[in-house]
Amino acid sequence: MSKTVAVLGTGKIGEALLSGMIRAGWRPAHLLVTTRRPERATELHDRYGVEPVTNAEAAKRADTLILAVKPQDMGKLLDELGPHLTPDRLVISAAAGITTAFIEERLATGTPVVRVMPNTPVLVDQGMSVISAGSHALAAHLTHTEEIFGGVGKTLRVPESQQDAATALSGSGPAYFYFLVEAMTDAGILLGLPRAQAHDLIVQAAIGAAVMLRDSGEHPVKLREAVTSPAGTTISAIRELENHGVRAALIAALEAARDRSRELASGNG
């Protein structure tokens, strides 16, 4: 669909997308990047062979623009792009909490906009990117977005009304697992294990459990029950988790993350 793609904002997520596209077969000659610092532009050119340009040049030359800037920088960026963008360009936003309506209002009428919420495992090609269409985006625009973000993990289409919930679950999701690993590592130390050994045991357990969830097709309750023998160690631990309200705390945490995403989307940063 697209001949030239520009990545505007090349922090960790932007660079992960750029490198993922190249690994997926995109030619560097068809990729443009924008950066704030000249030394960063030189670094990306030397590393990937892509051409650094200004935001205005990207708007004029690229068929698809991926806006990977921080949410607080989006308004200023759109002001720069607006005079140069025509409605035949696809704009993809990867900025948390920024709605497609916010972007459409600042660009030419009819400009197709797609909203994407990636998470940080895109850095290791294991990300999940949640995709929603704006009011002018067509099926071909969504397919093209999936081709780009599919190079760094999986994609899932949802209505934009579900983006705040998806942000709470997927966008912030890796942090919850890191928090859990941190707590379990501390517990392992308390139980007498060296930190490095506790960490290795927990990380491998997490990887194995995740692969079983993904590949077995079994409900997590069934997989948990397979580990939970009568009067055994696991059921004793599960009882304590329930007694301390861990399930309720997780639900409350996700609700808080969803509500904060809504605040950001409404401009209450």
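The model is a predicted one, so local features need pLDDT of at least 70 and side-chain atom pairs count only at pLDDT 80 or more, while totals for chains, interfaces and linings use all residues. Residues are numbered from 1 along each chain as its sequence is written, and side-chain values use heavy atoms, with hydrogens and water left out.

Starting with the overall picture, the protein chain has 12 helices and eight strands; these are DSSP runs numbered from the N terminus, helices being H or I with at least four residues and strands being E with at least two. Its C-alpha atoms fill a box of roughly 70 × 40 × 35 Å along the principal axes. Of the 269 residues in the protein chain, 37% are buried, where buried means under 20% relative accessible area, exposed means over 50%, and partly exposed is in between (1.4 Å probe, protein chains only). As for contacts (heavy atoms within 4.5 Å), 62% of those between residues at least 6 apart in sequence join residues at least 24 apart.

Next comes a helix pair. Helix 7 (residues 163-171) and helix 8 (residues 173-190) have axes that come within 5 Å and cross at roughly 35°; the axes are lines fitted to C-alpha atoms, for helices over the stretch in contact, with angles running from 0 to 180 degrees between N-to-C directions. On the helix 7 side the meeting residues are A168, L169, S170 and G171, and on the helix 8 side they are G173, P174 and Y176. By class, that contact takes in four nonpolar residues, three polar and no charged. Here Ala, Val, Leu, Ile, Met, Phe, Trp, Tyr, Cys and Pro count as nonpolar, Asp, Glu, Lys and Arg as charged, and the others, Gly among them, as polar.

Both helices turn up again in the second largest pocket, where helix 1 (12-23), helix 4 (74-81), helix 7 and helix 8 each supply at least two lining residues. The volume of this pocket is about 940 Å³. The pocket search used a 1 Å grid over the protein atoms alone: a pocket is an open set of points where a 1.4 Å probe fits, with protein on both sides within 12 Å along at least five of seven lines, and lining residues have an atom within 4 Å of a point. Grid points are joined across faces, edges and corners, and the volume is the space filled by probe spheres set on the points. Out of 36 lining residues, G9, G11, A68, V69 and K70 are the closest to the pocket centre. The lining splits into 15 nonpolar, 13 polar and eight charged residues.

V91 sits in strand 5 (residues 90-93) and counts as buried because its relative accessible area is 1%. Beyond its neighbours within four places in sequence, V91 is in contact with L65, L67, L85, I103, L107, T111, P112, V113 and V114. T10, in the loop between strand 1 (5-8) and helix 1, is buried too, at 9% relative accessibility.

N55 lies in helix 3 (residues 55-61) and is buried at 16% relative accessibility. Not counting residues up to four places away, N55 touches L8, T34, L77, E80 and L81. With E80 there is also a side-chain polar contact of 3.2 Å, meaning a pair of N or O atoms within 3.5 Å; within protein, one must be able to donate a hydrogen and the other to accept it, and residues adjacent in sequence count only if both atoms are side-chain atoms.

Finally, the backbone. Most residues other than glycine have a negative phi. D125, in the loop between strand 6 (113-117) and strand 7 (127-133), has a positive phi near 60° and is partly exposed at 28% relative accessible area. A231 also has a positive phi, near 55°; it is found in the loop between helix 10 (220-227) and helix 11 (233-243) and is exposed, with a relative accessible area of 82%.
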